[in-house]
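Dear colleague,

I am passing this structure on to you, with some notes on its aromatic side chains below. Please have the sequence and the 3D view open as you read.

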Amino acid sequence: QADLMSKVRRARAELHAINGLRFFATLGMVLARSVETMWIDNSGGSTWLSLRSCGYLRRIADDFVSFYFILSGFAISWGYMTRYMTSKGICLFNVSTRDFDSDSVRRRYWVGRLQRFYPDFFISTSCCLLVTRPAFFGCHTLSRLDWLFNLLQLALIGGWLAWLPYPNGGNVNGPSWFLLTLAMIWFLYPFLVRPIREFFRGDSSTMFAVKMIGLWLISLLPWALLLLIELIVSSTGYDGDYTQLVWSFKPFPLFRLPEFIMGMALALRLTEDPEYMEIGGSGGWNRPGAWLLYGGLAGLVGVVGYAVAGAATMGTGCSCIDVTDSACYGWLQQVDTRFGLVSCLIIYAVAGLDCAASAGEARAGAEGGERAAAAAVESRAGPAGEMIWRGLSWGVLQEVNKWGLQIFLYQMSAQTMLQALLVDVHWGLANRCLEQPLSPSFAVFYVAIQVFVTYLAGWLFHEGGPLGTPIHRWSKQVAAAAIEAWDKTDAGDAGTASPPAPAAPPAAMSPSVRLV
(Lines give C-alpha, C1' and ligand atoms only; values in the text may rest on other atoms or scores of the structure.)
Protein backbone atom coordinates (compact mmCIF):
# COMPACT_ATOMS: atom_id res chain seq x y z
CA GLN A 1 0.00 0.00 0.00
CA ALA A 2 2.81 2.44 0.85
CA ASP A 3 4.57 1.65 -2.45
CA LEU A 4 1.37 2.26 -4.41
CA MET A 5 0.75 5.54 -2.63
CA SER A 6 4.28 6.75 -3.35
CA LYS A 7 3.79 6.10 -7.05
CA VAL A 8 0.40 7.77 -7.06
CA ARG A 9 1.44 10.92 -5.21
CA ARG A 10 4.32 11.56 -7.60
CA ALA A 11 1.95 11.60 -10.56
CA ARG A 12 -0.87 13.93 -9.63
CA ALA A 13 -2.86 15.07 -12.66
CA GLU A 14 -2.44 18.81 -13.18
CA LEU A 15 -4.84 20.93 -15.23
CA HIS A 16 -2.32 22.84 -17.34
CA ALA A 17 -4.38 22.85 -20.54
CA ILE A 18 -7.54 23.72 -18.58
CA ASN A 19 -5.64 26.66 -17.12
CA GLY A 20 -4.82 27.74 -20.66
CA LEU A 21 -8.52 27.66 -21.50
CA ARG A 22 -9.24 29.79 -18.46
CA PHE A 23 -6.65 32.33 -19.61
CA PHE A 24 -8.40 32.88 -22.94
CA ALA A 25 -11.85 33.04 -21.34
CA THR A 26 -10.55 35.70 -18.95
CA LEU A 27 -8.94 37.66 -21.78
CA GLY A 28 -12.19 37.62 -23.74
CA MET A 29 -14.16 39.01 -20.81
CA VAL A 30 -11.54 41.71 -20.12
CA LEU A 31 -11.60 42.77 -23.78
CA ALA A 32 -15.39 42.95 -23.71
CA ARG A 33 -15.32 45.15 -20.63
CA SER A 34 -12.54 47.36 -22.06
CA VAL A 35 -14.45 48.05 -25.28
CA GLU A 36 -17.71 48.49 -23.40
CA THR A 37 -16.26 51.29 -21.26
CA MET A 38 -15.23 53.25 -24.37
CA TRP A 39 -17.84 55.97 -24.78
CA ILE A 40 -17.64 56.34 -28.57
CA ASP A 41 -20.53 57.68 -30.61
CA ASN A 42 -21.40 55.69 -33.69
CA SER A 43 -20.91 58.58 -36.12
CA GLY A 44 -17.12 58.61 -36.01
CA GLY A 45 -14.54 56.55 -37.85
CA SER A 46 -14.35 54.11 -34.93
CA THR A 47 -17.84 52.74 -35.44
CA TRP A 48 -16.35 49.37 -36.43
CA LEU A 49 -14.82 49.16 -32.95
CA SER A 50 -17.51 50.86 -30.88
CA LEU A 51 -20.37 48.90 -32.46
CA ARG A 52 -19.17 45.91 -34.49
CA SER A 53 -16.23 44.70 -32.40
CA CYS A 54 -17.90 45.68 -29.15
CA GLY A 55 -21.10 43.97 -30.24
CA TYR A 56 -19.17 40.78 -31.00
CA LEU A 57 -17.35 40.85 -27.66
CA ARG A 58 -20.50 41.68 -25.72
CA ARG A 59 -22.32 38.77 -27.35
CA ILE A 60 -19.62 36.25 -26.55
CA ALA A 61 -18.92 37.61 -23.04
CA ASP A 62 -22.12 36.00 -21.75
CA ASP A 63 -20.88 32.68 -23.11
CA PHE A 64 -17.58 33.14 -21.27
CA VAL A 65 -19.54 33.78 -18.06
CA SER A 66 -21.51 30.56 -18.51
CA PHE A 67 -18.26 28.75 -19.34
CA TYR A 68 -16.80 30.02 -16.06
CA PHE A 69 -19.71 28.70 -14.00
CA ILE A 70 -19.25 25.25 -15.56
CA LEU A 71 -15.47 25.39 -15.29
CA SER A 72 -15.66 26.41 -11.63
CA GLY A 73 -17.77 23.36 -10.81
CA PHE A 74 -15.28 21.18 -12.67
CA ALA A 75 -12.16 22.72 -11.12
CA ILE A 76 -13.37 22.69 -7.54
CA SER A 77 -14.47 19.06 -7.82
CA TRP A 78 -11.14 18.15 -9.38
CA GLY A 79 -9.32 19.88 -6.56
CA TYR A 80 -11.33 18.40 -3.70
CA MET A 81 -11.76 14.94 -5.21
CA THR A 82 -8.40 14.55 -6.83
CA ARG A 83 -7.57 12.18 -9.63
CA TYR A 84 -4.16 10.52 -9.58
CA MET A 85 -2.14 8.30 -11.90
CA THR A 86 -0.12 5.23 -10.96
CA SER A 87 3.15 4.51 -12.73
CA LYS A 88 1.19 2.25 -15.12
CA GLY A 89 -1.11 5.06 -16.17
CA ILE A 90 -4.09 3.81 -14.18
CA CYS A 91 -6.29 6.60 -12.87
CA LEU A 92 -7.42 6.43 -9.26
CA PHE A 93 -9.70 8.75 -7.35
CA ASN A 94 -9.00 9.95 -3.83
CA VAL A 95 -12.14 11.05 -2.00
CA SER A 96 -10.85 10.30 1.52
CA THR A 97 -12.35 12.97 3.83
CA ARG A 98 -13.62 15.09 0.97
CA ASP A 99 -17.23 14.06 1.47
CA PHE A 100 -17.73 17.08 3.76
CA ASP A 101 -19.75 14.94 6.17
CA SER A 102 -18.47 16.69 9.31
CA ASP A 103 -18.77 20.26 10.52
CA SER A 104 -15.00 20.43 10.89
CA VAL A 105 -14.32 19.55 7.26
CA ARG A 106 -16.95 21.98 6.02
CA ARG A 107 -15.58 24.78 8.18
CA ARG A 108 -12.08 24.25 6.85
CA TYR A 109 -13.42 24.36 3.31
CA TRP A 110 -15.41 27.56 3.87
CA VAL A 111 -12.53 29.31 5.66
CA GLY A 112 -10.17 28.34 2.84
CA ARG A 113 -12.53 29.73 0.22
CA LEU A 114 -13.06 32.98 2.11
CA GLN A 115 -9.34 33.35 2.73
CA ARG A 116 -8.59 33.26 -0.99
CA PHE A 117 -11.52 35.35 -2.22
CA TYR A 118 -12.76 37.83 0.37
CA PRO A 119 -9.71 40.06 1.04
CA ASP A 120 -9.45 41.03 -2.64
CA PHE A 121 -13.22 41.32 -2.97
CA PHE A 122 -13.45 43.64 0.03
CA ILE A 123 -10.50 45.81 -1.05
CA SER A 124 -11.55 46.06 -4.71
CA THR A 125 -15.19 46.86 -3.94
CA SER A 126 -14.16 49.46 -1.36
CA CYS A 127 -11.83 51.03 -3.94
CA CYS A 128 -14.68 51.16 -6.45
CA LEU A 129 -16.94 52.85 -3.90
CA LEU A 130 -14.24 55.50 -3.53
CA VAL A 131 -13.00 56.14 -7.08
CA THR A 132 -16.45 56.11 -8.72
CA ARG A 133 -17.79 58.91 -6.52
CA PRO A 134 -18.20 62.30 -8.24
CA ALA A 135 -15.76 63.80 -5.74
CA PHE A 136 -13.07 61.68 -7.35
CA PHE A 137 -13.62 60.19 -10.83
CA GLY A 138 -17.28 59.15 -10.82
CA CYS A 139 -20.13 60.20 -13.12
CA HIS A 140 -23.17 59.82 -10.85
CA THR A 141 -24.13 59.67 -7.20
CA LEU A 142 -25.44 56.61 -5.39
CA SER A 143 -28.91 56.48 -3.92
CA ARG A 144 -29.54 55.09 -0.45
CA LEU A 145 -30.72 51.87 -2.06
CA ASP A 146 -27.49 51.69 -4.06
CA TRP A 147 -25.43 52.11 -0.88
CA LEU A 148 -27.48 49.43 0.84
CA PHE A 149 -27.02 47.05 -2.07
CA ASN A 150 -23.23 47.54 -2.11
CA LEU A 151 -22.99 46.97 1.63
CA LEU A 152 -24.95 43.75 1.12
CA GLN A 153 -22.47 42.89 -1.61
CA LEU A 154 -19.67 43.19 0.93
CA ALA A 155 -21.63 40.84 3.17
CA LEU A 156 -21.67 38.32 0.27
CA ILE A 157 -25.45 38.13 0.07
CA GLY A 158 -26.10 40.50 -2.84
CA GLY A 159 -26.78 37.69 -5.32
CA TRP A 160 -29.69 36.42 -3.23
CA LEU A 161 -31.28 39.88 -3.33
CA ALA A 162 -31.38 40.28 -7.10
CA TRP A 163 -35.08 41.09 -6.83
CA LEU A 164 -34.27 44.52 -5.33
CA PRO A 165 -35.24 47.33 -7.74
CA TYR A 166 -32.54 47.70 -10.39
CA PRO A 167 -29.82 46.03 -8.29
CA ASN A 168 -27.05 46.15 -10.87
CA GLY A 169 -27.48 49.87 -11.31
CA GLY A 170 -25.88 50.38 -7.93
CA ASN A 171 -23.20 47.71 -8.17
CA VAL A 172 -20.06 49.83 -8.28
CA ASN A 173 -17.81 46.83 -9.00
CA GLY A 174 -19.80 45.58 -11.96
CA PRO A 175 -17.46 42.89 -13.36
CA SER A 176 -17.41 41.10 -10.00
CA TRP A 177 -21.09 40.12 -10.03
CA PHE A 178 -20.50 36.63 -11.33
CA LEU A 179 -17.71 36.01 -8.79
CA LEU A 180 -20.10 37.01 -6.02
CA THR A 181 -22.69 34.58 -7.40
CA LEU A 182 -20.01 31.88 -7.55
CA ALA A 183 -19.16 32.57 -3.91
CA MET A 184 -22.76 31.78 -2.98
CA ILE A 185 -22.54 28.50 -4.88
CA TRP A 186 -19.16 27.69 -3.30
CA PHE A 187 -20.91 27.85 0.05
CA LEU A 188 -23.41 25.22 -1.11
CA TYR A 189 -20.77 22.92 -2.58
CA PRO A 190 -20.18 20.68 0.50
CA PHE A 191 -23.86 19.76 0.46
CA LEU A 192 -23.80 18.92 -3.25
CA VAL A 193 -20.86 16.49 -3.35
CA ARG A 194 -22.53 13.31 -2.17
CA PRO A 195 -25.90 13.62 -3.99
CA ILE A 196 -24.25 14.60 -7.28
CA ARG A 197 -21.78 11.71 -7.04
CA GLU A 198 -24.58 9.26 -6.33
CA PHE A 199 -26.71 10.67 -9.15
CA PHE A 200 -23.99 10.11 -11.76
CA ARG A 201 -22.32 7.00 -10.33
CA GLY A 202 -21.94 4.09 -12.74
CA ASP A 203 -23.67 5.72 -15.70
CA SER A 204 -23.05 4.46 -19.20
CA SER A 205 -21.89 7.03 -21.74
CA THR A 206 -25.40 7.30 -23.12
CA MET A 207 -27.03 7.76 -19.73
CA PHE A 208 -24.43 10.33 -18.71
CA ALA A 209 -25.09 12.30 -21.91
CA VAL A 210 -28.85 12.16 -21.29
CA LYS A 211 -28.44 13.48 -17.75
CA MET A 212 -26.16 16.28 -18.93
CA ILE A 213 -28.67 17.30 -21.58
CA GLY A 214 -31.35 17.26 -18.89
CA LEU A 215 -29.26 19.56 -16.69
CA TRP A 216 -28.69 21.87 -19.64
CA LEU A 217 -32.43 22.02 -20.32
CA ILE A 218 -33.02 22.89 -16.67
CA SER A 219 -30.44 25.67 -16.98
CA LEU A 220 -32.50 27.11 -19.86
CA LEU A 221 -35.69 27.43 -17.80
CA PRO A 222 -34.96 30.82 -16.13
CA TRP A 223 -34.11 32.38 -19.48
CA ALA A 224 -37.18 30.85 -21.10
CA LEU A 225 -39.24 32.43 -18.32
CA LEU A 226 -37.48 35.75 -18.94
CA LEU A 227 -38.33 35.59 -22.65
CA LEU A 228 -41.93 34.68 -21.88
CA ILE A 229 -42.28 37.66 -19.54
CA GLU A 230 -40.77 39.93 -22.18
CA LEU A 231 -43.19 38.59 -24.80
CA ILE A 232 -46.22 39.07 -22.56
CA VAL A 233 -45.22 42.57 -21.48
CA SER A 234 -44.35 43.61 -25.04
CA SER A 235 -47.78 42.49 -26.24
CA THR A 236 -49.33 45.09 -23.95
CA GLY A 237 -47.61 47.88 -25.86
CA TYR A 238 -44.95 48.58 -23.23
CA ASP A 239 -41.88 50.03 -24.94
CA GLY A 240 -39.31 50.02 -22.15
CA ASP A 241 -36.05 48.18 -21.69
CA TYR A 242 -35.69 45.01 -19.66
CA THR A 243 -32.36 45.72 -18.02
CA GLN A 244 -33.76 45.52 -14.50
CA LEU A 245 -35.54 42.26 -15.25
CA VAL A 246 -32.47 40.70 -16.88
CA TRP A 247 -30.28 41.62 -13.93
CA SER A 248 -32.78 40.05 -11.57
CA PHE A 249 -32.05 36.73 -13.29
CA LYS A 250 -28.35 36.78 -14.14
CA PRO A 251 -26.82 36.88 -10.63
CA PHE A 252 -29.37 34.75 -8.80
CA PRO A 253 -27.35 31.75 -7.50
CA LEU A 254 -30.05 29.09 -7.88
CA PHE A 255 -30.48 30.03 -11.55
CA ARG A 256 -26.72 29.42 -12.14
CA LEU A 257 -26.54 26.25 -10.06
CA PRO A 258 -27.27 23.84 -12.97
CA GLU A 259 -24.18 25.12 -14.82
CA PHE A 260 -22.00 24.55 -11.76
CA ILE A 261 -23.41 21.03 -11.31
CA MET A 262 -22.66 20.26 -14.96
CA GLY A 263 -19.02 21.06 -14.24
CA MET A 264 -19.06 18.85 -11.15
CA ALA A 265 -20.49 16.02 -13.23
CA LEU A 266 -17.68 16.33 -15.79
CA ALA A 267 -15.02 15.93 -13.08
CA LEU A 268 -16.82 12.95 -11.61
CA ARG A 269 -17.25 11.38 -15.05
CA LEU A 270 -13.53 11.46 -15.68
CA THR A 271 -13.10 9.05 -12.78
CA GLU A 272 -15.36 6.43 -14.36
CA ASP A 273 -14.75 6.79 -18.08
CA PRO A 274 -12.80 3.66 -19.15
CA GLU A 275 -11.19 5.58 -22.00
CA TYR A 276 -9.21 7.51 -19.39
CA MET A 277 -8.12 4.52 -17.33
CA GLU A 278 -5.34 3.43 -19.68
CA ILE A 279 -3.71 5.84 -22.12
CA GLY A 280 -1.97 4.03 -24.94
CA GLY A 281 -2.10 2.72 -28.47
CA SER A 282 -1.04 4.25 -31.74
CA GLY A 283 -1.66 7.93 -32.38
CA GLY A 284 -4.03 9.13 -35.05
CA TRP A 285 -6.93 11.37 -35.88
CA ASN A 286 -9.42 8.59 -35.13
CA ARG A 287 -8.48 8.16 -31.47
CA PRO A 288 -11.44 8.66 -29.04
CA GLY A 289 -9.85 11.74 -27.53
CA ALA A 290 -9.40 13.25 -30.98
CA TRP A 291 -13.11 12.97 -31.73
CA LEU A 292 -13.95 14.68 -28.44
CA LEU A 293 -11.44 17.43 -29.12
CA TYR A 294 -12.53 18.05 -32.70
CA GLY A 295 -16.15 18.10 -31.61
CA GLY A 296 -15.32 20.76 -29.02
CA LEU A 297 -13.41 22.80 -31.59
CA ALA A 298 -16.32 22.60 -34.02
CA GLY A 299 -18.63 23.84 -31.27
CA LEU A 300 -16.24 26.70 -30.50
CA VAL A 301 -16.19 27.73 -34.16
CA GLY A 302 -19.99 27.74 -34.12
CA VAL A 303 -20.11 29.98 -31.03
CA VAL A 304 -17.63 32.47 -32.53
CA GLY A 305 -19.51 32.39 -35.83
CA TYR A 306 -22.76 33.21 -34.04
CA ALA A 307 -21.19 36.23 -32.35
CA VAL A 308 -19.44 37.50 -35.49
CA ALA A 309 -22.52 37.15 -37.69
CA GLY A 310 -24.71 38.88 -35.12
CA ALA A 311 -22.31 41.80 -34.71
CA ALA A 312 -21.96 42.22 -38.48
CA THR A 313 -25.72 42.59 -38.97
CA MET A 314 -26.36 45.07 -36.14
CA GLY A 315 -27.98 48.30 -37.26
CA THR A 316 -26.27 51.64 -36.65
CA GLY A 317 -29.09 52.58 -34.30
CA CYS A 318 -28.13 49.77 -31.93
CA SER A 319 -26.02 50.14 -28.80
CA CYS A 320 -23.13 47.93 -27.81
CA ILE A 321 -24.02 48.42 -24.15
CA ASP A 322 -27.61 47.23 -24.01
CA VAL A 323 -27.61 43.55 -24.97
CA THR A 324 -31.19 43.28 -23.67
CA ASP A 325 -32.41 44.96 -26.88
CA SER A 326 -33.93 41.98 -28.69
CA ALA A 327 -34.39 43.98 -31.89
CA CYS A 328 -30.61 44.39 -32.15
CA TYR A 329 -29.32 41.23 -30.48
CA GLY A 330 -32.10 38.71 -31.03
CA TRP A 331 -33.91 36.49 -28.53
CA LEU A 332 -31.10 33.91 -28.30
CA GLN A 333 -28.79 36.50 -26.74
CA GLN A 334 -31.07 36.62 -23.69
CA VAL A 335 -30.33 32.93 -22.99
CA ASP A 336 -27.03 32.94 -21.09
CA THR A 337 -26.68 29.14 -21.05
CA ARG A 338 -27.39 28.66 -24.76
CA PHE A 339 -24.00 27.06 -25.46
CA GLY A 340 -23.59 25.21 -22.15
CA LEU A 341 -23.18 21.81 -23.82
CA VAL A 342 -20.43 23.19 -26.04
CA SER A 343 -18.59 24.41 -22.94
CA CYS A 344 -18.95 20.97 -21.37
CA LEU A 345 -17.57 19.24 -24.46
CA ILE A 346 -14.56 21.57 -24.62
CA ILE A 347 -13.76 21.19 -20.90
CA TYR A 348 -14.11 17.41 -20.98
CA ALA A 349 -11.94 17.03 -24.08
CA VAL A 350 -9.17 19.32 -22.84
CA ALA A 351 -9.19 17.76 -19.36
CA GLY A 352 -8.67 14.44 -21.11
CA LEU A 353 -5.47 15.83 -22.61
CA ASP A 354 -4.26 16.80 -19.15
CA CYS A 355 -5.16 13.36 -17.84
CA ALA A 356 -3.25 11.70 -20.68
CA ALA A 357 -0.21 13.93 -20.09
CA SER A 358 -0.09 13.06 -16.39
CA ALA A 359 -0.45 9.36 -17.18
CA GLY A 360 2.42 9.57 -19.65
CA GLU A 361 4.66 11.27 -17.13
CA ALA A 362 3.76 8.66 -14.50
CA ARG A 363 4.62 5.75 -16.79
CA ALA A 364 7.92 7.26 -17.87
CA GLY A 365 9.03 8.27 -14.38
CA ALA A 366 11.23 11.22 -13.51
CA GLU A 367 13.25 10.91 -16.74
CA GLY A 368 10.28 11.16 -19.11
CA GLY A 369 9.09 14.66 -18.37
CA GLU A 370 7.34 16.73 -20.99
CA ARG A 371 8.33 14.48 -23.88
CA ALA A 372 6.53 11.50 -22.35
CA ALA A 373 3.52 13.68 -21.58
CA ALA A 374 3.35 14.95 -25.16
CA ALA A 375 3.66 11.41 -26.54
CA ALA A 376 0.77 10.26 -24.33
CA VAL A 377 -1.38 13.20 -25.47
CA GLU A 378 -0.65 12.39 -29.11
CA SER A 379 -1.64 8.80 -28.43
CA ARG A 380 -4.88 10.05 -26.95
CA ALA A 381 -5.87 12.76 -29.41
CA GLY A 382 -3.50 12.64 -32.37
CA PRO A 383 -0.89 15.21 -33.50
CA ALA A 384 -3.39 18.09 -33.53
CA GLY A 385 -4.40 17.31 -29.95
CA GLU A 386 -0.76 17.25 -28.88
CA MET A 387 -0.17 20.64 -30.51
CA ILE A 388 -3.22 22.13 -28.79
CA TRP A 389 -2.13 20.72 -25.43
CA ARG A 390 1.34 22.24 -25.80
CA GLY A 391 -0.12 25.63 -26.68
CA LEU A 392 -2.58 25.69 -23.78
CA SER A 393 0.10 24.43 -21.37
CA TRP A 394 2.55 27.23 -22.23
CA GLY A 395 4.23 28.48 -19.07
CA VAL A 396 3.30 32.13 -19.64
CA LEU A 397 -0.40 31.24 -19.72
CA GLN A 398 -0.02 29.20 -16.54
CA GLU A 399 1.55 32.15 -14.71
CA VAL A 400 -0.87 34.82 -15.93
CA ASN A 401 -3.79 32.51 -15.15
CA LYS A 402 -2.88 32.82 -11.46
CA TRP A 403 -3.93 36.47 -11.61
CA GLY A 404 -7.46 35.72 -12.86
CA LEU A 405 -9.41 36.42 -9.66
CA GLN A 406 -7.67 39.74 -9.08
CA ILE A 407 -8.05 40.73 -12.76
CA PHE A 408 -11.82 40.56 -12.47
CA LEU A 409 -12.03 42.19 -9.06
CA TYR A 410 -9.71 45.15 -9.70
CA GLN A 411 -10.65 45.74 -13.34
CA MET A 412 -13.28 48.40 -12.62
CA SER A 413 -11.07 50.51 -10.35
CA ALA A 414 -8.05 50.29 -12.63
CA GLN A 415 -9.96 51.27 -15.75
CA THR A 416 -11.81 54.13 -14.03
CA MET A 417 -8.54 55.68 -12.83
CA LEU A 418 -6.96 55.22 -16.27
CA GLN A 419 -9.86 57.04 -17.92
CA ALA A 420 -9.56 59.88 -15.43
CA LEU A 421 -5.81 60.12 -16.11
CA LEU A 422 -6.35 60.30 -19.88
CA VAL A 423 -8.89 63.11 -19.37
CA ASP A 424 -6.64 65.05 -16.97
CA VAL A 425 -3.63 64.97 -19.33
CA HIS A 426 -5.90 65.71 -22.34
CA TRP A 427 -4.79 62.56 -24.12
CA GLY A 428 -7.58 61.50 -26.44
CA LEU A 429 -10.51 61.72 -23.99
CA ALA A 430 -12.40 64.94 -23.35
CA ASN A 431 -14.68 63.44 -20.74
CA ARG A 432 -15.03 59.97 -19.18
CA CYS A 433 -18.79 60.15 -18.73
CA LEU A 434 -20.11 61.17 -22.17
CA GLU A 435 -20.04 59.64 -25.63
CA GLN A 436 -17.52 61.28 -27.95
CA PRO A 437 -15.96 60.68 -31.36
CA LEU A 438 -12.57 58.97 -31.25
CA SER A 439 -10.12 58.25 -34.04
CA PRO A 440 -9.64 54.57 -34.92
CA SER A 441 -5.98 54.65 -33.92
CA PHE A 442 -6.73 56.08 -30.48
CA ALA A 443 -9.60 53.63 -29.99
CA VAL A 444 -7.25 50.69 -30.55
CA PHE A 445 -4.68 52.25 -28.21
CA TYR A 446 -7.40 52.81 -25.63
CA VAL A 447 -8.46 49.16 -25.60
CA ALA A 448 -4.84 47.96 -25.47
CA ILE A 449 -3.92 50.22 -22.54
CA GLN A 450 -7.11 49.25 -20.68
CA VAL A 451 -6.21 45.58 -20.98
CA PHE A 452 -2.62 46.28 -19.92
CA VAL A 453 -3.65 48.25 -16.83
CA THR A 454 -6.16 45.56 -15.86
CA TYR A 455 -3.55 42.81 -16.04
CA LEU A 456 -1.06 45.01 -14.21
CA ALA A 457 -3.54 45.36 -11.35
CA GLY A 458 -4.06 41.58 -11.39
CA TRP A 459 -0.32 41.00 -11.11
CA LEU A 460 0.10 43.53 -8.30
CA PHE A 461 -2.64 42.02 -6.14
CA HIS A 462 -2.42 38.31 -6.92
CA GLU A 463 -1.25 35.98 -4.18
CA GLY A 464 2.41 36.20 -5.20
CA GLY A 465 2.36 39.86 -6.31
CA PRO A 466 4.02 42.83 -4.60
CA LEU A 467 0.79 44.00 -2.96
CA GLY A 468 -0.98 40.65 -2.84
CA THR A 469 1.74 38.82 -0.91
CA PRO A 470 1.31 40.69 2.41
CA ILE A 471 -2.48 40.72 2.02
CA HIS A 472 -2.73 36.97 1.54
CA ARG A 473 -0.04 36.24 4.13
CA TRP A 474 -2.16 38.07 6.68
CA SER A 475 -5.40 36.40 5.54
CA LYS A 476 -3.78 32.95 5.82
CA GLN A 477 -2.69 33.74 9.37
CA VAL A 478 -6.23 34.83 10.28
CA ALA A 479 -7.70 31.72 8.66
CA ALA A 480 -5.22 29.42 10.44
CA ALA A 481 -5.99 31.07 13.78
CA ALA A 482 -9.74 30.65 13.22
CA ILE A 483 -9.36 26.97 12.34
CA GLU A 484 -7.10 26.39 15.34
CA ALA A 485 -9.63 28.02 17.67
CA TRP A 486 -12.45 25.89 16.26
CA ASP A 487 -10.34 22.73 16.55
CA LYS A 488 -9.66 23.49 20.21
CA THR A 489 -13.36 24.03 20.78
CA ASP A 490 -14.15 20.74 19.05
CA ALA A 491 -11.49 18.95 21.09
CA GLY A 492 -12.96 20.34 24.30
CA ASP A 493 -16.43 19.22 23.29
CA ALA A 494 -15.11 15.78 22.38
CA GLY A 495 -13.42 15.46 25.75
CA THR A 496 -16.75 15.74 27.52
CA ALA A 497 -18.39 13.15 25.28
CA SER A 498 -18.16 9.37 25.50
CA PRO A 499 -15.04 7.85 23.91
CA PRO A 500 -15.48 6.76 20.26
CA ALA A 501 -15.64 3.11 19.27
CA PRO A 502 -12.40 1.52 18.01
CA ALA A 503 -11.84 2.09 14.31
CA ALA A 504 -12.25 -0.85 11.96
CA PRO A 505 -9.06 -2.14 10.34
CA PRO A 506 -8.44 -0.66 6.86
CA ALA A 507 -9.56 -2.71 3.90
CA ALA A 508 -6.99 -4.03 1.48
CA MET A 509 -6.43 -1.71 -1.43
CA SER A 510 -5.82 -2.60 -5.05
CA PRO A 511 -5.25 -0.39 -8.10
CA SER A 512 -8.85 -1.01 -9.21
CA VAL A 513 -10.51 0.72 -6.25
CA ARG A 514 -10.70 4.32 -5.12
CA LEU A 515 -8.11 5.41 -2.60
CA VAL A 516 -9.60 6.04 0.84
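**Aromatic rings in the structure**

Phe121 counts as buried, since its relative accessibility is 1%. Please keep in mind throughout that this is a predicted model.

Phe117, with a relative accessible area of 3%, is buried as well, and both Phe117 and Phe121 belong to helix 4, where they are four residues apart, or about one turn of the helix.

Taking the rings as a whole, the count comes to 25 aromatic pairs, where two rings pair if their centres lie within 6.5 Å. One of them joins Trp110 and Phe191, a tilted pair with 6.0 Å from centre to centre and 45 degrees between the planes. Because Trp110 lies in helix 4 (residues 103-131) and Phe191 in helix 6 (residues 177-200), this pair ties together parts that are 81 residues apart in sequence. Phe191 itself is partly exposed, at 45% relative accessibility. Phe117 and Phe121, for their part, form a stacked pair, with 5.2 Å between the centres and 20 degrees between the planes.

Ring pairs also link a cluster made up of Tyr68, Phe69, Trp177, Phe178 and Phe408.

Finally, which charged residues are found over aromatic rings? The charged end of Arg113 sits over the ring of Trp186, at 5.0 Å from the centre of that ring, while Lys211 lies over the face of Phe199, 4.3 Å from the ring centre.

Note on methods. Residues are numbered from 1 along each chain as its sequence is written. This is a predicted model: local features need pLDDT of at least 70, side-chain atom pairs count only at pLDDT 80 or more; totals for chains, interfaces and linings use all residues. Side-chain values use heavy atoms; hydrogens and water are left out. Rings of Phe, Tyr and Trp (its six-membered ring) pair if their centres lie within 6.5 Å; planes under 30 degrees apart count as stacked, over 60 as edge-to-face and the rest as tilted. Helices (H or I, at least four residues) and strands (E, at least two) are DSSP runs, numbered from the N terminus. Buried means under 20% relative accessible area, exposed over 50%, partly exposed in between (1.4 Å probe, protein chains only). A charge sits over a ring if NZ of Lys or CZ of Arg is within 6 Å of the ring centre and within 35 degrees of the ring normal.
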